[in-house]
Each structure stands twice: as structure tokens, then as C-alpha cells.
Amino acid sequence: MKLPQGIRRLFTEVVRMGGTLSGEHGIGWVQKEYMDIAFNNTQLQIMKQIKQIFDPKGILNPGKIFVS
């Protein structure tokens, strides 16, 4: 099994058991590729819109999760 597949399986099981993908400081570089496990498309779009409202120039954590 390749690492990304293993991470996906692990995160899927964590969410199934009621856990979350975020850590102490929120979603990190690894977790951002797996957000679809915990959030549906509508939720992700709302998060992107909120990011755009509060950071229209994309200067806060640029490229971390949502690119403005």
C-alpha cells in the first residue's frame, strides 16, 4: 500500500469513529488533501467563501488550504 492510500484509509476510519482530521493547529499540509473525507462539497465551498471574505488578497497562510 502506498502512503497516500494508507493515510486516506486511516483518516476515513478516524472520521467514521467520530474523530476529526484537524490537529492542535488546524488542518495541516498533509490533511488538506483529505478534507473530502470529513466535509462534503457544500461545506468545503462555504469554507472557501469565508476564507475569501476575510482574506481577499490571500496573505494569511498563503496556499495552506484554500488558494484565494
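A residue is called buried under 20% relative accessible area, exposed over 50%, and partly exposed in between, using a 1.4 Å probe and protein chains only. D55 is buried, because its relative accessible area is 4%. This is a predicted model, in which local features need pLDDT of at least 70 and side-chain atom pairs count only at pLDDT 80 or more, while totals for chains, interfaces and linings use all residues. Residues are numbered from 1 along each chain as its sequence is written, and side-chain values use heavy atoms, with hydrogens and water left out.

D55 lies in the segment after α3. The side chain of D55 reaches the backbone nitrogen of L60 at 3.0 Å.

K64 is also found in the segment after α3, a helix that spans 41-54; helices here are DSSP runs of H or I with at least four residues, numbered from the N terminus. K64 counts as partly exposed because its relative accessible area is 23%. Where does K64 make contact, leaving aside its neighbours within four places in sequence? The residues are I27, G28, W29 and K32, contact meaning heavy atoms within 4.5 Å. W29 and K64 are 35 residues apart in sequence, and their C-alpha atoms are 6.7 Å apart in space.

Turning to helix α3 itself, I46 is found there. I46 is partly exposed, because its relative accessibility is 44%.

Methods:
Helices (H or I, at least four residues) and strands (E, at least two) are DSSP runs, numbered from the N terminus. A polar contact is a pair of N or O atoms within 3.5 Å; within protein, one must be able to donate a hydrogen and the other to accept it, and residues adjacent in sequence count only if both atoms are side-chain atoms.
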